[in-house]
Amino acid sequence: QVRLVESGGGLVQPEGSLRLSCAASGSISGIYAMGWYRQAPGKQRELVAIITSGGSPNYAESVKGRFTISRDNAKNTVYLQMNSLKPSDTAVYYCNAYIIDSDYERSDYWGQGTQVTVSL
């Protein structure tokens, strides 16, 4: 069984920094794209950043220049370094990965979510 487990959320003041991590575990043959999404109260889930298996990133306009996505393929882990945080970044952040399992089935997986709150 494949699982995504996130860590690193919390409360931070405006202009502060946080680093999120998401580790994939289980019977994995390979991982394609990995990414981070977020959902604020009363809003739809939105893409924050995504990174291909080759390491090419893409970002939402709202986070460009402030957030950096990276991955460690040896550890099946994706990271999101968030700098210059704003109150508008407050949301539940979800990890996502497109994974090939040991039976060579390809599926989209989600983490349980981690709360990020930016406030004084």
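Predicted model: local features only at pLDDT ≥ 70, side-chain atom pairs only at ≥ 80, totals over all residues.
Serine 17 sits in the loop between strand S2 (10–12) and S3. With a relative accessibility of 40%, serine 17 falls in the partly exposed class, because that class lies between the cut-offs of 20% and 50%. Besides asparagine 83, the residues that serine 17 touches include Val12, Gln81, Met82, Ser84 and Leu85, leaving aside residues up to four places away in sequence. One of these, serine 84, is 67 residues from serine 17 in sequence, yet their C-alpha atoms are 6.3 Å apart in space.

Strand S3 covers residues 18–25 and pairs with S8 in the antiparallel sense over six bridges. Within this pairing, leucine 18 stands opposite methionine 82 in S8, and arginine 19 faces glutamine 81 in S8. Strand S8 itself spans residues 77–82 and is mostly covered, with five of its six residues buried.

Strand S7 (residues 67–72) is also a partner of S8, again antiparallel and again over six bridges. Here threonine 68 is the residue that stands opposite glutamine 81. S7 and S8 together make a hairpin with four residues between them, and asparagine 76 in the turn has a positive phi of about 50°.

These pairings belong to an open sheet of four strands, in the order S1-S3-S8-S7, with antiparallel pairing. Strand S1 (3–7) and S7 stand at the edges with a single partner strand each, so one side of each has no neighbour in the sheet. On average, neighbouring strands of this sheet are turned by 15° against each other, direction ignored.

Another site worth a visit is aspartate 101, which is found in strand S9 (residues 91–101). Aspartate 101 is buried but has no salt bridge. The nearest side chain of opposite charge belongs to arginine 106 and is 8.8 Å away, whereas a salt bridge would have to be within 4 Å. A polar atom of the aspartate 101 side chain does, however, lie 2.8 Å from the backbone nitrogen of aspartate 103. Residues up to four places away in sequence aside, aspartate 101 touches Val2, Ser27, Ile28, Ser29 and Tyr109.

Methods. Residues numbered from 1 in each chain as written. Heavy atoms only, no water. Helix = DSSP H or I, 4+ residues; strand = E, 2+ residues; numbered from the N terminus. Buried < 20%, exposed > 50% of the residue type's maximum accessible area, 1.4 Å probe, protein only. Lys, Arg positive; Asp, Glu negative; His and termini not counted. Polar contact = N/O pair within 3.5 Å; in protein donor to acceptor, adjacent residues only side chain to side chain. Contact = heavy atoms within 4.5 Å. Pairing = 2+ DSSP bridges. Axes fitted to C-alpha atoms, helices over the stretch in contact; angles between N-to-C directions.
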